[in-house]
Amino acid sequence: MAAPGSAAAAGSAAAALVQYVVLRGDLVRPPRSWPLGAVVAQGCHAALAATHAYRQHPDTGAYLEMGGAMRTVVLEAPDEAALTALAETLKQHGVDHQVWTEQPEDVATCLALRPYPKDQVHQYLKKFKLLK
């Protein structure tokens with residue numbers, strides 16, 4: 001077992017960092033039927049916005065240093081109401097995140113958390129399933 005504060009312990013902590021992205025699943029289904037690429041782009045925008053907004057946070061720096069080992073989990077909110085409720089819950093609990101709103105339509109499409117240790121935020125996200 002690595003000693004606390006050692007390089008191995010630091011690497012282990014960084015390995016536990018996850019960035020969660022939550023996309024609206026209803027956007028790809030009728031009646032909206034957005035192209036898959038457009039919805040993926042929304043998730044990319046949200047992830048970058050959250051990373052940029054919280055770029056000074058030590059967890060964000062550690063996550064970016066992971067390079068190809070970064071871990072992102074993409075979840076599905078069934079609709080805008082569920083996404084908005086999640087955003088409010090995160091706000092109430094002080095969880096750093098960004099909601100991406102597509103313009104000029106003014107439609108909230110997704111949100112992304114800054115990178116977090118999974119155990120700090122999983123409780124708020126456990127009801128959402130992986131995006132399929």
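How many bridges join β1 to β2?

Modeller: Six bridges join β1 to β2, and the two strands run parallel. Strands are DSSP runs of E with at least two residues, helices are runs of H or I with at least four, and both are numbered from the N terminus; two strands pair if DSSP finds at least two bridges between them. The model is predicted, so local features need pLDDT of at least 70 and side-chain atom pairs count only at pLDDT 80 or more, while totals for chains, interfaces and linings use all residues. Residues are numbered from 1 along each chain as its sequence is written, and side-chain values use heavy atoms, with hydrogens and water left out.

β1 is mostly covered, with eight of its eight residues buried (under 20% relative accessible area; exposed is over 50%, partly exposed in between; 1.4 Å probe, protein chains only). Leu-17, Gln-19, Val-21 and Leu-23 point one way from the strand, and Val-18, Tyr-20, Val-22 and Arg-24 point the other way.

Next come the nonpolar cores, which are sets of buried Ala, Val, Leu, Ile, Met, Phe, Trp, Tyr and Cys residues joined through side-chain atoms within 4.5 Å. The largest has 20 residues, and Tyr-20, Val-22, Leu-111, Leu-113, Val-121 and Leu-125 touch the most other members. At least two residues each come from β1 (17-24), β2 (72-77), α4 (80-92), β4 (107-113) and α5 (118-125), with α4 giving the most, five residues. Leu-125 is in contact with Tyr-20, Val-22, Leu-75, Leu-86 and Leu-113, leaving aside neighbours within four places in sequence; contact means heavy atoms within 4.5 Å. A second, separate core of ten residues includes Val-21, Leu-23, Ala-46 and Ala-47.

Thr-109 belongs to strand β4. Not counting residues up to four places away in sequence, Thr-109 touches several residues, among them Val-22, Leu-23 and Arg-24. Thr-109 is buried because its relative accessible area is 0%. Its side chain makes a polar contact with the side chain of Gln-42 at 2.9 Å (a pair of N or O atoms within 3.5 Å; within protein, one must be able to donate a hydrogen and the other to accept it, and residues adjacent in sequence count only if both atoms are side-chain atoms).
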